[in-house]
Amino acid sequence: MRRYAVVDIETTGPSFKEGDKIIQIGLVQLSDQGIEAEYSWDIQPDQKIPPRIVDLTGITDEQLAPAPRLRDIADDFLEKLGERILVAHNINFDYKFLSRSLERLGYPPLSNEGIDTVELIRLLYPCDQSYKLGDFAEKHGISLVHAHSALDDARATAHILLLIQDRIRQLSYDLFQSIQPLTARMIRQTGTYLNRWVDDWAPRTREGLVKKGPFYLAEQKGQGLVFPKQFGQDQATSLDLGERAIYVGQGDVHLTGLQEGICRDLSQFFDQDQERLACLDAPAGSGKSLAYLLAALQSSPGQADLVLATSTRLLQDRLAQESLQQVADILGRPLRYVQLKSSRHYIDLSALEAFHHDLLASKQVKKRDALLLAGLMIWLAQSQTGLLVELNPGLLTKDFTGQMTTAKACDQALAKWGDHAYYAREWQAIPEADLVLTNQAFLCQHQNDLEAWGLLSSKGCFLVDESHQLLDTLQSHGSKAWSSQSFEKQANHIQKLLANLIHFPEAYQFSGQSFDELYQSSQLIQTVWQSFDQLMAYLEENYRKLVYYKQQSETKESFMLKSDFQASAFYRQLKEVQARVSDLSASLIKLCQAVQVKAGYSKQRLDQLKALVQEQRRMNDQLDRLLGGRNLDYYVLNLVEVGDNLHCQVQAKPFEDQALLDRFLKGLACQTVFISASPLAGRDFETKPVRYSYKTRQALQEVFVLMDGLSIDKMNAKVAAAWTADCLLSLWPRSYNRVLVNAKNQARLLEAALKERLDYQSFQKVYSQLNFKHTHKLFQLFDQEDSGLLIGLQNFSEGVHFKQGLDLVLLPRLPFAAPEAADELAKQALAREEGRDYFETVALPDMLVRLKQAIGRAANGQSEPAAFLSLDQRLVKSAYADKLQAYLASTASFTSLCLEELKADLQDSSQDKG
C-alpha cells in the first residue's frame, strides 16, 4: 500500500531568497484507502506578517506570538513526513521552500518522492476553467472552508488526490497507454505514479470510445438534436395561425399575449410570397426569440432553408440550449439544428495528428508540448463537439484549427474522420436540419459558402436577431487592415525557409528552372525589405512626434479621409510594398512547383513555405483592396512604439451604413426578418418592409439617476472608475446580490478600483468580461453565483437570460461612442462633408438604441425587474434630456436622487418585506 503525506505551507511571501519565512504547515497522512491522520503547526517567523498575507490567509502576528519556531517543530514534522510520498498543489513551491528552510537549520535536504496535483488535474480535467485549489475544490464538491489555511488546504489537496485516482479508474487503459510516452516529463515523480495507478486501476476496456489514427475518440451521439419532454398534443391548446394551428401549453411552456401576436404575424408573413422583408420590434427580454422560432419552425420538419443569425456567439449558444428546447416542447416533436461558427472554434484532427507524429518523432520534446498533446487526447475521449471553447483557455498554446467550407473539403475530412470531423459534419448536416443557427459575423464572412450549400435561396427564410448590431458587423466585415508587425514576421519566416533551401541542397531535387526561381526569389525578398524599410523610415521621420503625443492621451489612433490618404506619400510607400510583394509571391509559387524533396528527407519546411506563400498572397490582396479604396471612406492609423521599434497598423473602413445595408440586402434572395429592428425604422429600403411593433403591459422601468456631486461624464477615467466602485460597494452585496455593470471602456479601471477596495475573498466574486476569452464561460460561472458582480461590456447580456436573474443593472455613463476616438472623429468629418449634424444623426441615435436595450434587459426577461441605476446626470439635465426621455417614454421613468436617499429607500423596502 502506498502512503502519502499531503503538505501545504503558508509563508510571509513567495521568495525564500528574499527572506520570506514559513508561518504555518499542514500535513495530512493518506493512503490509497483514504485519510489516516492530520497535523498542523503554527510557526513564529520572527518577522512581521505583511498586510497582504494577513488579508490572504487570516493569520495575524497576534496568532503567531506564542507559536514555536520552525527549529522547535522540525523533528516532529519530519517524523510525521517520514518516507511518505510528498504531495502538494504546486509542489515545486512547497517542496523547495520546506527543504531550503530545513537546510538552513542544519537538516539534510528533503529526498522524498513528490507528486504535483496541479499538473495531474491539468492533464485529467482539461475542461475545468481553473486549477486554483479553491476553484477546483468548489467545482468538484470538495470542502474548503478556510482557503489559505495550511491544514484546510492540505486536506482539500488530499481529497483531490483521491478524486484523481477515481478519475483514473473511469478512463480507458488503452487511452492512458497512448499518452504514456508523453508523461515522462511531469514534475518530480508525478508521471511515474500516474502510470502506476493506471496499471493498478484503469479499466482494460471501456465502451463508448472509437480508435481513429493515434486517438481514442468519444463515440458521437445525437448531435444537433433537441427532443421534446413529451410528444403529441394531449392536454394542449391550439393557437390559430390562419391556415394552420400549433399546439401550446406542452412541456410547461406557455406563451404570453405578446408572443402569440408575434407568432401569428410572422406565420402569416412566411405563408405569403409577395412581401420579402419584415422589421420586427419588441421590448428586450419579452420572449420574442421563442415566438419567432415557433413561427418559423411550425412548417414540416427537415427543410434546410431556415437560417437564424444572432449578434454574438453567446446568444447563439443560448438559443440552441434553451429556446430550441422550449420550441420542441411546444411542437411536441424533435428538432434538428446545425450550429455554424468559424472553423477556428473547432479542433482539426488532421492538424493534431501531424503534431502528434512530429512530437513522437522528435528527439527533443518540450514538456509543455507533451502535456498539451496528452491533455487534448484525454479531452477527445469525452468531447461530443470538438469545440475548443470546452477547454481551459490556458491549455491551448498551439493552433490546431483548419478551414473547410466547400463540399469537397468536407467530404475529404469526413472520409478520414467520420463523425469526428467536427467542423465538416456541421456543414454536411445542413440538408437534414430544421434550422441553421449562426452569428452575424460568420454570415458576413461566409455568405457565398452558405449560398453554395443551398441556403439563403428564394425559397428560404432568414432571421436576423439583435439586428441593431448588424450595421456594426457589416462595417467590421467591410473593413480592410494591414499590420507592419505581421508583415515583418511573415517576411522573416519566408526568408528563413529560403535560406534552408539554399544551405541544405542535399535535401532537395533542383532543376534548372527551380535554381533560377530560387535565385530570383532570393533577390526579390531583398527588394521587398528595401521597400518596407523605406516605408518605416518615412513613418519614423514624419510620425514619430505624433506617436509621442498620442501616448500621452487616451486615444492612440489618428485618421485620414480617403482623399487625403490616397494623396499622401504614405499611400505611395505602401503601394510600392504591395507591388514588390506581388512580384515575390509570383516567383515563390513557381519555386514551390519546381522544387522536389528527395526521398528520406522531411517535406515539412517546403510545406511550410507553400502555406506561407498562400498566406502572403491573401495578406497582399487585402492590402491591395485597402489601397484601392472601393466602398471605403476613411483610414485609421495606429502607431505604437515597442522598445526602439515603431509598429504600424492601418485600417480602412466604410462609413455610410445605408449603403452597407443596401449591398447586404441585394445579396439576399430569401424572405428576411430583422428582429429588434427599431434602429432600422428610419431607413430607406429599396424593398419596402412590413413593420411589426409590440409593447408589453409591464410597468415602466424606474431608472435611478444619482445626483451626488459631478456627473460622471465630467470626471477623468480614473476618478470615474473610483466613484463607480464606491457606489457599487455601498450597494453590493448588502442591498443587491447579483449585479451587472455595463462598463464598456471603463471595465479595466473599474476592476482595478474594486480590487483595491475588496479583500481577497470578496474580490473572487467579481467577474470581468475582459478576463475571459469565451463569454459563455463567464456567463456560466456568474450564473452559478448567488451573490456576484459582473463587469460586462456593452452587448454582453443581449438576448441572454440569467437563470437566477439580476438584482441591479448599473450603467455608469451613457453609452455614447468615445467622441475623441479616431473612428468617431472620422465620422464627424464625413458628416460635415455631407452637411449632416454628426451628433443628431449619428452619435445620439446610436446611443439611444444601446440605452434602450440596456434598460429593457433590466425590465424584462425575469420574474422581478432588476433595479436600474446610472451615474450619468445627462439623463435628466442635458440639452437632449427631453428628447432622450421622449424616446424612452414607453420604456422607462426617471428618478433623480442621492446615494444616501437610495440606500434609505432600499432599507425601508427591505423592512416592509420583512
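This is a predicted model: local features need pLDDT of at least 70, side-chain atom pairs count only at pLDDT 80 or more; totals for chains, interfaces and linings use all residues.
Local features need pLDDT of at least 70, side-chain atom pairs count only at pLDDT 80 or more, and totals for chains, interfaces and linings use all residues. Residues are numbered from 1 along each chain as its sequence is written, and side-chain values use heavy atoms, with hydrogens and water left out.

Trainee: At roughly what angle do the axes of helix H22 and helix H23 cross?

Mentor: Helices here are DSSP runs of H or I with at least four residues, and strands are runs of E with at least two, numbered from the N terminus. Axes are lines fitted to C-alpha atoms, for helices over the stretch in contact, with angles running from 0 to 180 degrees between N-to-C directions. The axes of H22 (residues 569-594) and H23 (residues 604-628) come within 9 Å and cross at roughly 150°.

Trainee: Is H22 roughly parallel or roughly antiparallel to H23?

Mentor: Angles under 35 degrees count as roughly parallel, over 145 as roughly antiparallel, 65 to 115 as roughly perpendicular and the rest as oblique. The axes cross at roughly 150°, and therefore H22 is, relative to H23, roughly antiparallel.

Trainee: How many residues of strand S1 are buried?

Mentor: Buried means under 20% relative accessible area, exposed over 50% and partly exposed in between, with a 1.4 Å probe and protein chains only. S1 (residues 3-11) is largely enclosed by the rest of the structure, because the buried residues number eight of the nine.

Trainee: Which residue in S4 is the bridge partner of Ala 5?

Mentor: Two strands pair if DSSP finds at least two bridges between them. S1 pairs with S4 (residues 85-88) in the parallel sense over three bridges, and the partner of Ala 5 in S4 is Leu 86.
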